[in-house]
Amino acid sequence: MSSTTPLSPEALCKSIAFSILFLLSFYIILFDHDHHYQPSDLLETFKQKFPSSSLPLANNPPPIPTNLSHIVFGIVGSMNTWKHKKSYTQAWWRPNVTRGYLFLDRAPTQEFLPWPSSSPPFRVNEDVYDLRTHLKMSSPSQVRIVRTITETFKQGDEDVRWYVMADDDTILVIDNLVEVLAKYDHTKYFYIGSNSECVKSNFDHSFEMAFGGAGYALSYPLAAALASMLDSCLERYAYLWTSDSILYSCLSDLGVSLTHNKGFHQIDLRRDISGLLSSHPQTPFLSLHHIDAIDPIFPNKNRSQSINHLMKASKADHSRVLQQTICYHKPTNWSFSISWGYSAQIYEAIFPRSFLRTPLETFRPWKNGRPPFYMFNVRWQSNNPCEVPHVFFFDSLETSGEEDRIVTSYVRVASRGLPLCSSTGNHSADYITKILVFSPAKIPMQAGGGECCDIVHRAEINTTEVRYRDCVNQEIIA
């Protein structure tokens, strides 16, 4: 039978001293010196000091990517205009899928009841005159708009990562919004939007302020912080006249600056914006505002029909809608510019992409003033037949699952009314009446990237085909 050798007094003292030192170190790490803890608090204290997310456990599930269920929309509306503007909101709202609320200045009348599921559920804004600042307010209606952020937050929706605020005449491309917001850390303060297209509008307000009509996004922590201090902030800035200026000032007090995204569009423009939509920036299309201040974006359709027509293309392929692709047909010296889901253009001359990506000034600025008018370069309209495009507008689309492609058709609405561009070889495009564009159905376009295309054209045939493809490595398109 084995026997245990007793520890010597010296070894025993060393063992006791080591144990005391270990326990003392463990105590210092876990506990504050100013508090006394019971043994029952040990497990909870350990969890607080060493949360599970910091432990390298093999069975920890990966974080869930941001999806549509993580976004709550706050839409500002008015009963005076809802009858006319509701079709704009209904064009993008998905019943039982999207989460959010339409905030109205007063309760709906019987004319609008029962409230349809095709519209966001409504809420009536709190009476801003109950605020102690009401005697100081420069514009109570603008205070109502900015407080919609707080009232949206107070609805108490769970598992929210982002709040997206917009007007009832704002068109949102929500699938693109999800993909854009998923790139940001929703646990940090983020204020994402865009300023105006017009220099004067930005000069009058701020170049670093999101224009609310275009829509903007607030991360959950930022919305929570804003909701807790907004009314006190309103007292500081009650003299401001616009909700966007009030919000910008309050967020600046929190140390938050605007993260610019060119996919939001305030559309501080007038008349025909086809020149802008045909040369959209190389970024996902997120929103469109001021629909009633511009011409219908498609010929032979009213404004509501035009928006629904554009959304039809967006639902088929949100990644490509309004994204510009340029290619050339060298035998005829033609340049093709495709704004997917919106327009196709043929120029009877070879122009560099830097030229074709510059919007044609078919529009006018929101306010009169001295140039420069816009926050981007423009091409002036011309009577030079080499510089004036043949314009075709999106007409229809077909999806072929077996061939993994979408075919969009673009038709000519009117003749240019100009002679041919004689300096490039006498190749007129007047006889072309339709352009078919073939694009992948299952491969989305990468944000900020681009695609190449080939032209399939036979002389005297009035339909031309444009086939999208991946660009080869270091391909030069010129």
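Buried denotes a relative accessible area under 20%, exposed one over 50%, and partly exposed the range in between, computed with a 1.4 Å probe on protein chains only. The structure is a predicted model, in which local features need pLDDT of at least 70 and side-chain atom pairs count only at pLDDT 80 or more, whereas totals for chains, interfaces and linings use all residues. Residues are numbered from 1 along each chain as its sequence is written, and side-chain values use heavy atoms, with hydrogens and water left out. Helices (H or I, at least four residues) and strands (E, at least two) are DSSP runs numbered from the N terminus.

**Disulfides**

- Taking a disulfide as a pair of cysteine sulfur atoms within 2.5 Å, the count comes to four.
- With the bonded cysteines of the chain numbered in sequence order, the pairing reads 1-2, 3-7, 4-5, 6-8.
- The link of Cys-327 and Cys-453 is left-handed, with -110° about the S-S bond, and both Cys-327 and Cys-453 are buried.
- Cys-386 and Cys-421 form another disulfide, with sulfur atoms 1.8 Å apart. Cys-386 lies in the loop between strand 14 (363–365) and strand 15 (390–400), and Cys-421 in the loop between strand 16 (405–412) and strand 17 (434–440), so the pair ties together parts that are 35 residues apart in sequence.
- The S-S torsion of Cys-386 and Cys-421 is about 85°, so this disulfide is right-handed. Cys-386 is buried, with a relative accessible area of 12%, and Cys-421 is buried at 0%.
- A disulfide also links Cys-452 and Cys-471, whose sulfur atoms are 2.0 Å apart. Cys-452 is in strand 18 and Cys-471 in the segment after strand 19 (463–469), so the pair ties together parts that are 19 residues apart in sequence.
- The torsion about the S-S bond of Cys-452 and Cys-471 is about 105°, so the disulfide is right-handed. Cys-471 is partly exposed, at 34% relative accessibility.

**Helix 8**

- Helix 8 (residues 243–253) has eight of its 11 residues buried, so it is largely enclosed by the rest of the structure.
- The buried residues of helix 8 include Ser-243, Asp-244, Ile-246, Leu-247 and Cys-250.
- The buried residues of helix 8 pack against helix 4 (140–153), strand 6 (191–193), strand 7 (216–219) and helix 7 (220–236), where contact means heavy atoms within 4.5 Å.
- Gly-255, which follows helix 8, has a positive phi near 80°.

**Backbone geometry**

- Most residues other than glycine have a negative phi, and most peptide bonds are trans.
- Leu-113 and Pro-114 are joined by a cis peptide bond with omega of about -5°; Pro-114 is in the loop between strand 2 (99–104) and strand 3 (122–124).
- The peptide bond from Pro-371 to Pro-372 is likewise cis, with omega near 5°, and Pro-372 lies in the loop between strand 14 and strand 15.
- Asn-300 has a positive phi near 65°. Asn-300 sits in the loop between strand 10 (287–288) and helix 10 (303–316) and is exposed, with a relative accessible area of 73%.
- Leu-322 has a positive phi near 65°. Leu-322 lies in the loop between helix 10 and strand 11 and is buried, at 0% relative accessibility.
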